[in-house]
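Here are my notes for anyone opening this one for the first time. Have a look at the model, then go through the points in order.

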Amino acid sequence: MARIIQTATGMRDSQHGDYQLNNTHIVIFDIHCEYQTAFPDANFLNVHQLTLPFWLLDSEELQDLLIESSEEQSHNQVAVLKRAVTDSRRAHFDGEEKLKERIHYDSPLRFDFEDVLTAVRGKNEEMIDGARGPKQGQLHGKLDNFLTRLENRFNDRRLDFLMGQRAKETTLEETLRQFTGYTTDSTSNVTVIDLSGVPFQVLSITVSLISRLLFDYAYYYKKTHPEMRTDTPLLVVYEEAHKYVPKGGPAKFNAARKAIERIAKEGRKYGITAAIVSQRPSEISETIFSQCSNFLAMRLTNPEDQNYVKRLIPDSLGPLTQSLPMLSSGEALLIGDAAVMPSLVRLEEALPVPSSSDVRYLQEWVRPWHDVLFPPIVADWEH
């Protein structure tokens with residue numbers, strides 16, 4: 001995938017001459033921090049540079065982040081969260097008073113997470129008037145687990161990119177600029193979003209929110225320029241996609257699955273398309289793959305994945321797939337609109353290469369004993 005993107009953005013070796021698609025706009029979800037070396041001039045965002053405002057989360061994403069659906073009080077937690085978020089959005093709205101009543105749970109307006117904490121504490125400690133004096137409210141003491149979870153999320157330094165001060169203060173425009181490569185001091189054809197430092201429990205939510213923002217950006221771009229074609233089309237590359245859009249996975253993956261399926265099904269109308277990259281195609285949502293017009297299948301050893309590729313091509317060309325488990329490095333089966341007929345192709349090596357090589361176990365194990373400096377590892381882990 002790195003070589004294909006390098007070709008599209010003009011990073012080619014001298015033997016092919018100059019070639020560049022100047023107006024390319026490519027966003028890469030990089031789950032293993034492999035692409036920075038392949039795109040040294042890219043707009044690179046890891047958890048320290050990435051800013052993803054929590055107040056832009058929609059209701060489903062907020063509930064995936066903050067609600068444990070298996071808990072007995074989950075329905076009450078959802079109700080309290082909905083009211084607290086809506087009230088906070090209205091409190092921080094500085095527009096016309098008559099518009100406040102139109103603000104709802106999913107409105108893309110600021111809210112303060114501390115307001116939500118205060119509201120939940122209030123419900124958990126609520127005392128109401130009774131016939132014989134004050135008595136405990138209906139939810140008194142029943143939101144302890146919910147409150148603990150909210151406090152843990154709010155105080156988790158690993159989530160600063162989502163819940164910290166910079167996420168609280170950033171604007172929607174600043175958020176969109178960082179993903180589309182239009183940063184304040186430069187522009188970039190490629191944006192690499194390094195997800196390797198994102199805690200696994202919020203990985204799917206992170207992918208969901210960014211995907212949804214990119215789709216909405218493309219939608220509103222076309223809506224506000226009805227007389228023009230979409231002249232900044234986006235390609236979103238989902239590396240290791242089976243990790244956050246699995247077929248029939250748990251409910252926590254629903255938001256990401258819906259966001260990516262929306263791009264796959266409707267994105268072409270608004271100038272945003274998806275490239276799905278996975279070593280396990282049989283585990284990807286079928287809705288997403290059914291919208292793909294081109295497939296590049298490299299070596300596959302799993303029978304389920306091989307059978308999945310076989311279903312993509314006519315029966316008369318089925319024998320082509322027999323070579324899938326035997327393909328060498330760089331070889332691939334090309335299927336779809338990009339080829340007149342399914343073809344076996346060889347891809348050039350990326351230049352520069354991504355840092356995706358495997359650990360050299362034998363070479364390292366035969367070396368003399370190597371001391372490890374534990375303090376910097378522990379310091380980074382703890383902070």
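**Notes on the fold and its contacts**

1. Let's start with one side chain: lysine 168 counts as partly exposed, at 30% relative accessibility. For reference, buried is under 20% relative accessible area, exposed is over 50%, and partly exposed is in between (1.4 Å probe, protein chains only). Before going on, note that this is a predicted model, where local features need pLDDT of at least 70 and side-chain atom pairs count only at pLDDT 80 or more, while totals for chains, interfaces and linings use all residues. Residues are numbered from 1 along each chain as its sequence is written, and side-chain values use heavy atoms, with hydrogens and water left out.

2. What does lysine 168 hold on to? Its salt-bridge partner is aspartate 112, with the closest N and O atoms 3.2 Å apart. (A salt bridge here is a side-chain nitrogen of Lys or Arg within 4 Å of a carboxyl oxygen of Asp or Glu.) Aspartate 112 sits in the loop between α3 (74–91) and α4 (113–124), and lysine 168 is in helix α7 (residues 165–169), so the pair ties together parts that are 56 residues apart in sequence. Aspartate 112 is buried, at 11% relative accessible area.

3. By that rule, the count of salt bridges comes to 19. Glutamate 364 takes part in two that are worth a look: one with arginine 360 (3.2 Å, N to O) and one with arginine 367, where the closest N and O atoms are 2.7 Å apart. Arginine 360 is exposed, at 52% relative accessibility. Glutamate 364 is partly exposed at 30%, and arginine 367 is partly exposed at 44%. Elsewhere, Asp58, Glu61 and Arg212 are linked in a salt-bridge network.

4. Now the sheet. It is open and has five strands in the order β2-β5-β1-β6-β7, with parallel pairing. Two strands pair if DSSP finds at least two bridges between them; strands (E, at least two residues) and helices (H or I, at least four) are DSSP runs, numbered from the N terminus. The edges belong to β2 (43–45) and β7 (272–276), each with a single partner strand, so one side of each is left without a neighbour in the sheet. On average, neighbouring strands are turned by 15 degrees against each other, direction ignored.

5. How are the strands joined? Look at β2 and β5 (residues 190–194), which run parallel and share three bridges. Asparagine 43 stands opposite threonine 191 in β5. Four bridges join β1 to β6, where valine 27 has valine 236 of β6 as its bridge partner. β6 and β7 are joined by five bridges, and leucine 234 is partnered by isoleucine 272 in β7. Four of the five residues of β6 are buried, so this strand is largely enclosed by the rest of the structure.

6. Which helices meet the sheet? Helix α8 (residues 172–180) lies across β1 (26–30), β2, β5 and β6 (234–238), and runs at about 105 degrees to β5. Helix α9 (residues 203–224) packs on the sheet too, touching β1, β5, β6 and β7, and its direction makes about 165 degrees with that of β6. Contact means heavy atoms within 4.5 Å. The axes are lines fitted to C-alpha atoms, for helices over the stretch in contact, with angles from 0 to 180 degrees between N-to-C directions.

7. Last, the rings: the structure holds 13 aromatic pairs. Rings of Phe, Tyr and Trp (its six-membered ring) pair if their centres lie within 6.5 Å; planes under 30 degrees apart count as stacked, over 60 as edge-to-face and the rest as tilted. Phenylalanine 215 and tyrosine 270 make an edge-to-face pair, 5.7 Å centre to centre with 80 degrees between the planes. Phenylalanine 215 is in helix α9 and tyrosine 270 in the loop between α10 (254–266) and β7, so the pair ties together parts that are 55 residues apart in sequence. Phenylalanine 215 and tyrosine 270 are both buried.

8. For tyrosine 219 and tyrosine 220, the ring centres are 4.9 Å apart and the planes are at 80 degrees, so this pair is edge-to-face. Tyrosine 219 is partly exposed at 27% relative accessible area, and tyrosine 220 is partly exposed at 45%. Ring pairs also link Phe54, Phe111, Phe113 and Phe154 into a cluster.
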